[in-house]
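Subject: Handing over a structure, with notes

Dear colleague,

I am passing on the structure below, and I would be glad if you could read the notes with the model open beside them.

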Amino acid sequence: MMRVLNVLLIEDDMIEVMKLNRTISSLDLKHKIIETNNGEEALQFLQKKEELPDIILLDLNMPRINGIEFLSILKKDEVLRYIPTVILTTSNNQKDLLECYKIGIAGYVLKPLKYEDYVLKIEKVLEYWSINELKLV
Amino acid sequence: MSQNQLELLQRSLKREKAARKAAEKILENKSAELYEANRKLEKSHTELEALLGKTDSQLQGVFENIVDAYVIMDLSGYILKMNDAAISLLGFIDSKEDYNLIEMVALNEKYRVADSFKELLKTGAITDFQVNIITKKNEEKLVHINASIIYDQGIPVAAQGIVRDITEAKKAEDLLIESENRLSTLIMNLESGILLVDENRKIVLSNNKFCEIFKINEAPNKIIGKGCTTVIDNNKNLFVNQEGFISRIDEINKYKKDIIGEELLMVDGKIIERDYIPVFEKDNYKGHLWTYKDVTLKRKYEKSIEAQRQKYRNIIANMHLGLVEVDSKGVILMVNQSFLEISGYLEEELVGKKSGELFPVKEGVEIFEKESNRCLNGESSSYEVKVKNKVGEIRYWLISGGPNYNLNGEIIGSIGVHWDITDIKNLELQKEKLLIQLGKSNDELEEYAHVVSHDLKSPLRSINALVTWLKEDNKGKLDRTSIQNIEHIENTLEKMDQLISDVLTYSSIGNESGEKTSVDLEDVITGLVQIMYKPEHIKIEINNKLPVVVGYKTKLQQLFQNLISNAIKFIDKDNGIVKVDVLEQSDYYKFSIKDNGIGIEPKHHNKIFKVFHALNKRKDSTGIGLSIVKKIVDLHGGEIWLESEVNVGTIFFFTIKK
């Protein structure tokens with residue numbers, strides 16, 4: 001039985017948000033996407049602790065609080081630290097990758113050039129997490 | 001018995017009686033003669049004894065009172081009489097010995113003694129006879145004998161002698177002779193010329209060196225007894241100042257005072273040092289001793305030492321290094337001009353002060369003390385120290401210090417050579433700062449490259465998504481040309497994306513964060529070949545087992561990947577072959593990757609390793625691939641070059657240091 005996921009997307013690029021939404025709908029998935037434009041907005045949302053997401057898809061290169069800073073803050077929070085966070089980025093900088101894994105991430109996915117490839121990757125990620133057991137809120 | 005027989009016997013008897021009577025008569029006469037003789041002998045014996053007794057008593061006093069040993073013996077050598085001194089000298093217990101003196105003579109002396117005995121008997125006396133004897137107590141002794149014969153009425157009857165023990169005297173004499181010999185040999189061969197002159201200025205003693213200096217063609221003993229004035233006068237022309245030479249001698253002779261170390265110049269350039277020592281015996285002038293020393297060589301050495309000293313003094317004074325000599329307590333003894341310039345002090349402000357207290361700033365004191373102690377333990381060392389000069393500027397000095405020894409090899413302090421390296425030090429510090437800055441800006445640059453590549457790639461992804469959606473949303477509505485143009489957009493995006501990736505890769509080579517490790521190329525390349533895209537008609541061969549090298553694994557992998565995929569890309573033959581090979585050299589490996597592709601024209605050989613220099617406009621060529629290859633080879637201390645023939649193929653060679 002596939003779980004319907006609450007997905008928090010932290011992404012400042014409008015078209016990237018559109019890509020994810022279009023992917024969900026084109027794959028006919030029921031997952032709920034919560035959109036935030038940057039880390040600050042995401043934190044505000046999370047700190048309300050009302051409707052916590054099952055997983056977070058996090059872009060690294062963002063203005064104000066960047067992905068890694070956001071991740072560090074998240075991991076210090078007693079409750080929020082258990083939310084699996086998957087990095088979704090165009091940067092294959094080894095330094096960033098190592099730093100992310102060090103702080104604690106649930107995956108590191110590179111955005112491919114082609115949209116078709118993007119759809120395939122997102123499908124797999126969501127599929128994977130929807131069969132995982134997650135911490136009950 | 002017949003009558004005849006009887007008569008015969010009677011006649012014979014008669015003859016016999018007559019004969020006996022005659023014999024008895026003779027015997028009687030002889031007996032009377034004998035008696036007479038005996039009486040006479042007895043008388044003379046008594047007389048002799050009386051005489052002897054008289055002489056005896058006369059001699060007794062002398063005999064007992066003489067200190068020397070006195071012995072009377074008969075003519076065969078048997079002792080008749082001796083005094084106490086003789087008893088002790090000859091090793092007897094008392095005078096009652098019945099002993100022949102000949103037995104005492106040492107075996108090898110027997111003939112000489114026999115001869116002297118004959119002499120004694122013949123002439124009646126011997127004097128100064130020396131002989132080795134072995135006494136009754138078995139002691140070897142050398143004795144001196146004066147002896148004479150005792151006569152009785154012209155007939156020799158005994159011998160008397162006075163014996164002296166001269167063993168010790170002889171030994172002492174021998175020693176004296178020996179030491180005299182030694183002394184004279186010594187004097188003869190002295191390195192100084194010796195002339196001993198008596199009070200009349202006659203030569204008593206001279207030696208070889210004297211004759212040599214004064215060019216006297218005679219043996220030293222041949223001039224003994226000659227007047228020294230003549231000898232010296234004859235040779236005065238050997239000296240530069242002839243008259244002065246003579247007048248000075250006269251002057252010296254007049255005053256008779258010790259003169260030491262007067263210098264004389266000889267015509268042949270020799271320098272002679274002269275001493276004069278008068279000899280007095282109980283205040284009476286008995287002569288004098290001249291000593292002449294050839295000091296030419298010594299003076300020459302002294303001069304050359306002086307010249308050398310001057311030379312080094314000049315070097316020390318003029319060198320640009322500061323020189324400081326300190327004693328074992330660190331007190332400054334000497335500084336040179338350069339040190340004054342370096343330190344800013346005046347000489348009088350430094351000499352006598354402790355060097356350690358003058359200059360060091362806090363962190364320098366410890367180094368200063370440690371290194372000074374090392375010098376005093378006989379070690380040399382070089383060290384850098386931060387100091388303050390007189391005006392309080394911080395300066396950096398490189399000091400090379402070493403122990404200073406006296407003539408006995410004892411450490412009496414140290415000598416330090418100081419070099420003001422402040423300028424160099426500042427450059428060094430500046431360099432360090434720059435290096436840190438460079439590292440930082442390199443890091444920043446790489447960061448920047450990543451950010452830029454991210455920022456450039458993101459829009460490409462967006463454009464790709466949008467174009468894809470255009471296609472999807474307008475399916476069946478677009479004409480062929482539009483669909484083709486959309487494809488062109490997609491290809492351009494791909495090339496753009498590859499370009500950005502390559503630029504990023506290229507710019508990050510040489511900025512490795514990790515260390516080089518051992519890389520097994522056999523493993524890496526076989527793995528690489530398996531996962532690489534290979535068209536059906538192309539075969540990749542690895543001819544030799546690839547070595548293990550020290551380097552960056554991912555970079556090496558990329559190097560091979562770029563070259564092999566390049567080779568594959570440009571093969572136009574039906575059966576393509578890519579050959580990977582390696583040749584081991586003394587200090588590097590030479591790799592080669594050979595293809596049978598289109599080849600490269602010679603005019604391009606130098607350009608192809610430059611960035612953005614793609615020879616062929618292809619959708620999958622960015623012009624960076626070979627630049628990356630070159631950079632990776634550089635990174636591993638190697639070289640890269642190629643051999644190629646158009647339409648036949650290309651071989652890329654590169655080396656990697658072992």
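This is a predicted model: local features need pLDDT of at least 70, side-chain atom pairs count only at pLDDT 80 or more; totals for chains, interfaces and linings use all residues.

Residues are numbered from 1 along each chain as its sequence is written, and chains are lettered from A and ligands numbered from 1 in the order in which they are written.

Where the chains meet, 15 residues of chain B are in contact with 12 residues of chain A, two residues being in contact if their C-beta atoms, placed from the backbone, lie within 7 Å. On the side of chain B that touches chain A, α13 (422-473) and α14 (480-508) of chain B each supply at least two residues, and the largest share, 12 residues, comes from α13(B). Helices (H or I, at least four residues) and strands (E, at least two) are DSSP runs, numbered from the N terminus. By class, this side of chain B has five nonpolar, six polar and four charged residues; Ala, Val, Leu, Ile, Met, Phe, Trp, Tyr, Cys and Pro count as nonpolar, Asp, Glu, Lys and Arg as charged, and the others, Gly among them, as polar.

One residue to look at here is B:Ala465, which has its place in helix α13 of chain B. B:Ala465 is buried, with 23 other C-beta atoms within 10 Å (buried means 20 or more other C-beta atoms within 10 Å of the residue's own, exposed 12 or fewer, and partly exposed in between, with C-beta atoms placed from the backbone). Leaving aside its neighbours within four places in sequence, B:Ala465 is in contact with A:Ile15, A:Lys19 and A:Tyr115.

Chain B also holds an open sheet of five strands in the order β2-β1-β5-β4-β3, with antiparallel pairing, where two strands pair if DSSP finds at least two bridges between them. The edge strands β2 (79-82) and β3 (125-134) of chain B each pair on one side only. Eight bridges join β3(B) to β4 (residues 140-152) of chain B, and B:Phe129 stands opposite B:Ile145 in β4(B).

Another open sheet of five strands in chain B has the order β12-β11-β15-β14-β13, again with antiparallel pairing. Its edges are β12 (332-335) and β13 (381-388) of chain B, each with a single partner strand, so one side of each is left without a neighbour in the sheet. Strands β11 (residues 322-327) and β15 (residues 411-420) of chain B pair over six bridges, with B:Val326 opposite B:Ser414 in β15(B).

Turning to the helices, the axes of α15 (residues 521-531) and α16 (residues 553-569) of chain B come within 10 Å and cross at roughly 50°; α15(B) and α16(B) are therefore oblique to each other. Axes are lines fitted to C-alpha atoms, for helices over the stretch in contact, and angles run from 0 to 180 degrees between N-to-C directions; those under 35 degrees count as roughly parallel, over 145 as roughly antiparallel, 65 to 115 as roughly perpendicular and the rest as oblique. In chain A, the axes of α3 (residues 67-76) and α4 (residues 94-103) come within 10 Å and cross at roughly 10°, and α3(A) and α4(A) are therefore roughly parallel to each other.

With best wishes
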